Amino acid sequence: MEHRPGPTLESVILSRRCPACGHGVAVSFWDAGNQPLATLAFPESAEQAQNLPRYRLQFVRCVDCGHVYNAAFDYNQVPYSKHPNRMFNLGPLWRKHLDQVQRLLLEVLPARPTVVEVGCGDGHLLSSLARARPEGRYIGFDPNAAIQTDHGRIEARVELFIPERHLPQCHPHLVIARHVLEHLVDPLQFLQAMALAVSYYRWPIRLFVEVPCIDLALETGRTTDFFYEHNSHFTTESLRRMLERAGASIERLEKGYGGEVVYALAELPVQAHQVQLAKEALGFAQEAETRRQALARQLEALVQSGLRVAIWGGTGKAAALINQCGLDAQRFPLVVDSDKEKAGTYVPGTGQLIRFRDYLLEHPVDVILIAPQWRAADIVLEMQQHGISCQTVLIEYQGRLVDYFQDDHPYRPMEPPRFELFRRQEEHPVVPAPNFFTASVLPPPLEAMPPAADPATEWE
Ligand SMILES: [Zn+2]
């Protein structure tokens, strides 16, 4: 028998983000060429049908969870707001499946439930739930206007469901998304946004999701499942992985309709660590702004003092400090760097000429402001080794200029051996003891600084 070598890994590997689990590597699965929309085109003549635009179907498979998706998918090509996504709900076996779903949901709903259905279509499921449990509130979201309100039993919201906006408005016990997630560009992101909203508003919900299942298509080699509107093709496993990646705890994960759909009932709990991290993030931004303003006042005082100042460091984190704090070329013209290679270039953004540090031997200054705090210990050693002296070495720490030698900060040498070396040299310091700070330039004590607004209060 002739041995035919398979494709090399290099020729089939793709760096794509899996819509279900977030894994970053996929392999070619099936290339279906260019095809027209299959369910949402609605051509009005044979000619129009034959001339429909065609879109690329490049299906790939996540090697971690088994999800299949179209690497060439463009959500904007699918006209959801023009046409309802029609689902034929009248087949007797399909009706039986819908009845099963309804029974399952009624089992877990409280006596007076609030139910949100995302992508509710004509609202048939909400309608049957509302009739079975009329004391509840039933809200259907769909970006097209085909929702039947069933004589007011259903609140129709002709818009996309946005978790952070609509969860606190609706306070649902249950959020349903049936035959929706496979259409989204990033269904995992949608569930994760829901998870954060749930956590932030401390409003845990139940989630019911149902999607077409390709387990059988994979077993039998069936290709008709793979059309453009369905970006995502779930296996039972990839649906499980997606829910787990959103922090959901799965109560039921089952196949229905002869294995052609897979659905899950899950609890989406409050995840305190996400709220904590979000609070920290907002707090950082607020504090950074407060500190930037305080530092700007100190820098201006430094300019007004008339002392000669050099900034040490002109690129990377140093350039970030120079730009963020407005250390412009007019007020702070002198910039030096330890790296000879950088001498002769200019500070990005502000434009000071960067000079080699030895410039300071011939042109001494009163104050050296070390812009990259994280390298401050090395720079101070370098100054000592090369006989560069000044009155005061400053670094920025927590929104203040602090004296490198006298004030508290975490940037003195970390490793004990180097610290010892540093201490020994300090017995005969080349850098004189700092005496720069006078009353006029003294930074405001931390207590005197305006307190940063507590982000927690905004979040309660
Ligand atoms: Zn995956």
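**Exercise 1.** Find the residue that takes a positive phi just after helix 8, and state the angle.

*Solution.* Just after helix 8, G247 has a positive phi of about 85°, where helices (H or I, at least four residues) and strands (E, at least two) are DSSP runs numbered from the N terminus. The model is a predicted one, in which local features need pLDDT of at least 70, side-chain atom pairs count only at pLDDT 80 or more, and totals for chains, interfaces and linings use all residues. Residues are numbered from 1 along each chain as its sequence is written.

**Exercise 2.** Describe how helix 6 and helix 8 pack.

*Solution.* Begin with the geometry: helix 6 (residues 187-200) and helix 8 (residues 236-245) pack at an angle of about 35°, their axes being 9 Å apart; axes are lines fitted to C-alpha atoms over the stretch in contact, and angles run from 0 to 180 degrees between N-to-C directions. Next, list the contact residues, which are P187, L188 and L191 of helix 6 together with M242, L243 and R245 of helix 8 (contact: C-beta atoms, placed from the backbone, within 7 Å).

**Exercise 3.** Determine which residues of helix 8 are buried, and what they pack against.

*Solution.* The buried residues are S238, L239, R240, R241, M242 and L243, buried meaning that 20 or more other C-beta atoms lie within 10 Å of a residue's own, with C-beta atoms placed from the backbone. The buried residues of helix 8 pack against helix 6 and several strands, including strand 11 (249-256) and strand 12 (261-268).

**Exercise 4.** Locate G259 and name its contacts.

*Solution.* G259 lies in the loop between strand 11 and strand 12, and, not counting residues up to four places away in sequence, G259 touches C213, D215 and L216.

Conventions. Two residues are in contact if their C-beta atoms, placed from the backbone, lie within 7 Å. A residue is buried if 20 or more other C-beta atoms lie within 10 Å of its own, exposed if 12 or fewer, and partly exposed in between; C-beta atoms are placed from the backbone.
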